[in-house]
Amino acid sequence: MSDQINLDGPAIDQSTEDPQPEPFQIRVANRVDRLPPYMFGRINAMLYQKRRDGSDVIDMGMGNPSDPPQTDVVEKLTEAAQDERNHGYSKSNGLLNLRREVCNKYQRKYDVELEADHEVIACLGSKEGFSHMCLALMGPGDTAIIPSPYFPIHMYAVILASGNVVTLDVFDPEKFLRNVEYTCQTFTPRPKLLIINYPHNPSAATIEPDFFVEVVRLAKKYGFMVIHDFAYADIGFDGYQPPSFLSAPGAKDVGVEFTTMSKGYNMAGWRVGFCAGNADMIRALGTIKGYYDYGMFQAVQIAAIVAMRDTEDAVAEQALVYQSRRDALVDGLRRIGWEIDPPKAGMFVWAKVPEQWRHMSTMDFAMMLLEKGDVAVSPGSGFGPAGEGYLRMSLVENEQRLRQAVRQISRCLDKQSALSSSSST
Ligand SMILES: Cc1ncc(COP(=O)(O)O)c(C=O)c1O
């Protein structure tokens with residue numbers, strides 16, 4: 001805690017002239033300078049420009065759901081917004097009934113028992129909660145292990161909290177665990193935090209429940225805490241049900257899990273997320289949040305309760321919609337010769353750039369698809385160096401437009417190949 005100094009300065013001297021005004025310099029904090037330029041900035045700028053010029057770009061860039069939330073949920077929001085009692089500051093950690101609904105969902109879906117008072121907190125979207133949890137746990141000299149390629153906030157929430165990051169290859173879960181153990185054995189000081197995210201964004205890697213049993217064992221052995229980002233909890237395909245970290249025995253002793261209503265419920269703009277699990281970690285997050293925010297608009301919280309209580313069938317149907325889109329996109333890309341592993345869950349296809357185009361950076365390749373093919377995708381390098389050579393394609397456009405996207409990609413690449421072979425002859 002810094003000292004408070006009560007100064008009693010002399011009267012302000014207005015007799016001398018102020019120095020010549022110079023261009024005033026804004027000097028931001030180091031933590032801002034530690035952030036790299038936004039990797040998707042170039043893509044987004046061109047996407048925006050193309051749309052302004054009237055092009056119908058097929059957008060597989062962001063994982064921003066395009067389907068609407070359930071009508072009952074929107075009606076509840078409207079009704080709750082009409083009630084003047086809902087317009088004041090709400091509870092920073094979320095209404096008790098909302099946190100109870102989270103407990104009910106965990107009980108119903110994962111057979112996990114949670115205590116609404118101490119083991120659940122509501123966040124302004126899971127990204128806010130995750131970032132502030134990192135701020136609550138990490139500081140100078142602390143290290144977190146994160147999966148690589150990485151969803152940017154998994155890296156930068158730690159950096160913003162002045163911590164350090166060790167990145168480990170996410171593709172093979174067994175190798176990932178071996179490397180977690182090896183890092184703990186060789187790194188001094190030992191990592192304080194393990195951040196995991198399954199189904200993973202961007203790589204679509206998935207795991208089976210045993211993975212989390214091993215995570216808990218390692219956490220206890222080496223003394224690290226765990227954050228599981230479970231953003232794609234509700235989107236599993238072909239009968240695969242993404243497992244909850246909290247269903248591993250002892251998980252609550254070592255960590256927490258973040259869930260969100262952005263994806264499965266199509267409520268991304270509403271900013272409703274949750275953190276559940278270890279009570280001490282949740283208390284620390286609550287302390288930070290108590291300083292930083294006043295919680296979600298109460299009408300949103302009330303509608304979110306209705307969504308979780310009454311619309312689970314719609315969530316399951318939405319997963320089927322993503323499954324059909326996955327099939328449309330994967331089948332189409334395979335037909336034009338791309339090697340794709342169909343994802344078992346999540347909202348993304350993680351596609352290897354075909355051999356012929358690997359001489360280009362994925363950023364340049366993605367820019368070419370956008371500029372010449374009117375298709376926006378995320379270059380893998382936006383998720384760190386391990387993403388180079390891949391593209392992330394989100395499943396937010398409908399099947400027909402995804403098929404159209406494949407045709408446009410195919411046409412664009414054929415044309416570019418023809419151009420480059422004619423210029424080299
Ligand atoms: C892995 C992952 N975590 C968190 C989020 C953020 O979710 P929210 O909308 O709840 O902040 C996303 C959104 O794209 C995500 O992909």
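Pro-202 lies in the loop between E5 and H8, where helices (H or I, at least four residues) and strands (E, at least two) are DSSP runs numbered from the N terminus. A cis peptide bond, with omega about 15°, joins Asn-201 and Pro-202. Pro-199 is found in the loop between E5 and helix H8 (209–222) as well, and the peptide bond from Tyr-198 to Pro-199 is likewise cis, with omega near -10°. Most residues other than glycine have a negative phi, and most peptide bonds are trans.

This is a predicted model, in which local features need pLDDT of at least 70 and side-chain atom pairs count only at pLDDT 80 or more, while totals for chains, interfaces and linings use all residues. Residues are numbered from 1 along each chain as its sequence is written.

For burial, a residue is buried if 20 or more other C-beta atoms lie within 10 Å of its own, exposed if 12 or fewer, and partly exposed in between, with C-beta atoms placed from the backbone. Ser-162 has 15 other C-beta atoms within 10 Å and is therefore partly exposed, whereas Asp-238 counts as exposed because it has 10 C-beta neighbours inside 10 Å.

Leu-193 is found in strand E5 (residues 193–196), and this residue is buried because 24 other C-beta atoms lie within 10 Å. Leaving aside residues up to four places away in sequence, Leu-193 touches Leu-137, Met-138, Ala-144, Phe-224, Met-225 and Ile-227, a contact being two residues whose C-beta atoms, placed from the backbone, lie within 7 Å. Leu-193 and Ile-12, which are 181 residues apart in sequence, stand 51 Å apart in space from C-alpha to C-alpha.

Strand E3 (residues 143–148) is mostly covered, since five of its six residues are buried. E3 pairs with strand E4 (residues 164–169) in the parallel sense over six bridges, and Thr-143 stands opposite Asn-164 in E4; two strands count as paired if DSSP finds at least two bridges between them. Strand E2 (residues 120–123) is covered on both faces, with Val-120 and Ala-122 buried on one side and Ile-121 and Cys-123 buried on the other. In a regular strand the side chains alternate between the two faces of the sheet. E2 runs antiparallel to strand E8 (residues 273–277), to which four bridges join it, and the bridge partner of Val-120 in E8 is Ala-276.

An open sheet of three strands has the order E9-E12-E11, with antiparallel pairing. Its edge strands are E9 and strand E11 (378–379), each of which pairs on one side only. Two bridges join E11 to strand E12 (residues 390–394), and Ser-378 stands opposite Arg-392 in E12.

On the scale of the whole chain, the protein is divided into domain 1 (39–63 + 313–419) and domain 2 (71–310), with bounds that come from an automatic or database domain assignment. The C-alpha centres of domain 1 and domain 2 lie 28 Å apart, and the contact takes 21 residues from domain 1 and 24 residues from domain 2. On the side of domain 1 that touches domain 2, the elements giving two or more residues are helix H12 (312–335) and strand E9 (348–352), and H12 gives the most, with six residues. The residues on that side of domain 1 divide into eleven nonpolar, seven polar and three charged, where Ala, Val, Leu, Ile, Met, Phe, Trp, Tyr, Cys and Pro count as nonpolar, Asp, Glu, Lys and Arg as charged, and the others, Gly among them, as polar.

The ligand is surrounded by 13 residues, the closest of which are Gly-125, Ser-126, Lys-127, Thr-260 and Ser-262; a residue is near a molecule if its C-beta atom, placed from the backbone, lies within 6 Å of it. By class, the shell around the ligand has three nonpolar, eight polar and two charged residues.

The protein has 14 helices and twelve strands, and 45% of its 425 residues count as buried.
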